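The following exercises concern one protein. Please study its sequence and structure, then work through each task.

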Amino acid sequence: MSYNFNEIEAKWQKYWAENQTFRASNSPDKPKYYVLDMFPYPSGAGLHVGHPLGYIASDIYARYKRHKGFNVLHPQGYDSFGLPAEQYAIQTGQHPAVTTENNIKRYREQLDKIGFSFDWSREVRTSNPDYYKWTQWIFIQLFESWYDLEADKSRPISELKEIFTAEGNSRVKAACDDDVEEFSAEAWNAFSSEEKQEILLKYRLTYLAETEVNWCPQLGTVLANDEIVNGVSERGGYPVVRKKMTQWSMRISAFSERLLQGLDQLDWTESLKESQRNWIGKSVGAHVDFNIQNSEFRIGVFTTRPDTIFGVSFMTLAPEHDLVKKITTTQQKEEVEAYIATSAKRSERERMADVKSITGVFTGAYAEHPFTKEPIPIWIGDYVLAGYGTGAVMAVPCGDQRDYDFAKHFEIPIPNIFKNVDISEEAFSGKEGTVIANSNFLSGLEYKEALQKVILELEKTGQGYGKTNYRLRDAVFSRQRYWGEPFPVYYVNGMPQMIAAEHLPLHLPEVEKYLPTEEGEPPLGRANVWAWDTKSNQVVTNEKIDNKTVFPLELNTMPGWAGSSWYLFRYMDAQNKNEFVSKEAQKYWENVDLYIGGSEHATGHLLYSRFWTKFLHDRGHLSVEEPFKKLINQGMILGQSAFVYRLEEENVFVSKNLIGENNVQPIHADVSLVNHSDELDIEGFKKWRPEFKDAKFLTEKDGTYIVGREVEKMSKSKYNVVNPDDICEDYGADTLRMYEMFLGPLEQAKPWNTAGITGVHNFLKKLWKLYHNGEQFEVSEEKASADSLKTLHKTIKKVTEDIEEFSFNTSVSTFMICVNELSAQKCNSREVLESLAVLIAPYAPHIAEELWNKLGNSESVVTAEYPEFEEKYLVESTKNYPISFNGKMRFTMELPLDMPKDDIEKTVMADERTQKQLDGRTPRKVIVVPGKIVNIVG
């Protein structure tokens, strides 16, 4: 019987769907294991063979855990709000919901063909109102919370109001805006309702603030730092500028230390943890205030080296710092404004990465040194960022290379405050053992002593204090897009009010176009029905706005990371209409045991999800503080791009081997037009694109055109995408699954090569043959041979170790060795083959199901217990002794391992092969090393 993989795979995929084989129960009668993939954004292009890599790995592990007796939750869904669907809507007018639905159907078809063991009954879509109802609800909880620094946790805003009413804010230690002023209980109680709201907004965990943002005019929206690549938008490659806008922000900075400390408890790679540590960016030092001469203003700076304060020779402000326009002199105004306009066109990442360009402008203003009272010139420079620290630095050129280069460039003095250190060529950044000089009361002190003393003096004079700072900034939470979660917010006299939870979800309104309005408002500004009636608690037409009972709704939508920050908990209780997750379901599933996805989410999704989980834990909604226990970043499957070579200014293409001295332009060709020998289908290429229909080709002598090859990221634009549907059709899903694992270690990038897939396919055909005698399925009930049992248990041991270590590539090799050995042994024993079917089921589930069924089992192989490894089958009872004559081995003999030394010698000497070698001679001696060798010395 031939291996008809298409028929087998269709049969078992239908069986799994009809029987809901992978549906997880919230019943705690088994130990739980929660396996999750980072859910996909459903793009119009569908999946290519690179996308399923992580899904296959997680599926193998999920299936393995089921065999091991665990109740496995392995769900899937879609991160279905996204900019691509909105851009398509702008171009075509088609509603993003229609585009998204079509794309999801395509994704689902492709995912089903690969045989994943997903529990689809728990599917979530972030764009579904039943889902984003709870995203809106979490936003409201954040709005109704503040962060108590003493208790180190989030608390209800109602408790903060009670404190203010009883004692004011003088004793409150909270994460809040910098400009909060102290007030008494009497003052609080005398404030108007709007004044109280304004003050509370400075404490809330989600708040409105004027923020420096990355604005992309072409996309008409704000972008997060991780949505910008090389100074342009990741989507479309459009210019991005920095500008100030009133935005919703999340006070993630309040959680900095907890986010940092929590990393120690996680089973994540050290490189990924380090990415988050660097992003959070903890540093210990001091806050120092510099008065500005002839001004009411002060410049606050954070420095990790307050001990170098006597080396300050200038100050630098970020171009977008609030004080720049207030302190710049009339003479310098034009130059400063021009510089600000130029720097606004560069992203923060671009500015941070550019260490070569030295630019800046003098403001004309001077600060006053806290101790010497000497004037210090104030400059602006785009190497200082408004969002990090205070957006200002006290420049100590002798101790910081960027300050040093800036001072040299603009001929600013560089005083040396380090004893016996030469700074004529470069700055000195050493700490330990450094002695401070030329520094008033700090002179002669070493770094640590000087650090403590200067902080003490700053605190005495009221000009500073010791401080721990974090690079992590509050996260901008507004996007000027249509296709995102609407904020459950309406405005009364400009102050935000929350829609009551019982009236959620607030649905996205219909709009005529998906572009910003002519007045520059976000797309929701085009909605005719986008006002909140506080009497009927429903959305009404804008014309009814009277600012008495009907009020305008928020026009921004939430960012892409909103829905993905908590989706793991929704899977636990996806149909619950009353809670985002029940306490019982969450307590049982806890959090994700294994999470697999790309490393590009290290400082975006993964950080935000950890933040929301900690917040929801603080407020009593979750029993865990971390979302993901173990995290694995899968590598990328790279494409094998094909290139044709066009002669410059001609429509003539030269075969790779004939290029020689010719100037050619390499052009991507569709890989489907190239065979395994790198030969181009010339006629197919001409028909591929209109501009090539009259192309001429300089070919090899045999008439073939050889393309160039290059390994690159797999993408549509490079025409190197391989569709998994084609692989499933030609070789089968089991072949695809095993081949992707066989390509190399899960975490590493590896090139795809369709030519190599036949080896894995042939292996599966060989596996099939083990269970068949010609066209008949045939297994023996006889006891397996010692060799076959040894092969089986050696395989069980290795494959189990590999799965536990996520070394799936070596597992596939082990299966190949196993099948080769069993084939050579002519093994067809049920004792071996039944266990082998279960063992390979996580990797090749379709063929395993078919073989398991043919073995007489009525239930799915998923229900089978995982084979137990037994050491006894690997214990050797005999030894294959090499028999040597004068040190040269002539033959081997299989002898019992426990045979005494004298008996070994007698047996070897009696063997006719020994007699033949000796040819009648008597050996001088016989050397026997039991368990190792026999050497006959003649």
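**Exercise 1.** In which helix is the place of N102?

Solution. The model is predicted, so local features need pLDDT of at least 70, side-chain atom pairs count only at pLDDT 80 or more, and totals for chains, interfaces and linings use all residues. Residues are numbered from 1 along each chain as its sequence is written, and side-chain values use heavy atoms, with hydrogens and water left out.

Step 1. Helices are DSSP runs of H or I with at least four residues, and strands are runs of E with at least two, both numbered from the N terminus.
Step 2. N102 belongs to helix α4, residues 96–113.
Step 3. The C-alpha atoms of N102 and P42 are separated by 9.0 Å, although the two residues are 60 apart along the chain.

**Exercise 2.** State whether N102 and V929 are buried, partly exposed or exposed.

Solution.
Step 1. Buried means under 20% relative accessible area, exposed means over 50%, and partly exposed lies in between (1.4 Å probe, protein chains only).
Step 2. N102 has 41% relative accessibility, and therefore counts as partly exposed.
Step 3. V929, in strand β36 (residues 925–929), has a relative accessible area of 33% and is therefore partly exposed.

**Exercise 3.** Describe the whole protein.

Solution.
Step 1. The protein contains 29 helices and 37 strands.
Step 2. Of its 938 residues, 53% are buried.
Step 3. The C-alpha atoms fill a box of roughly 115 × 75 × 75 Å, taken along the principal axes.
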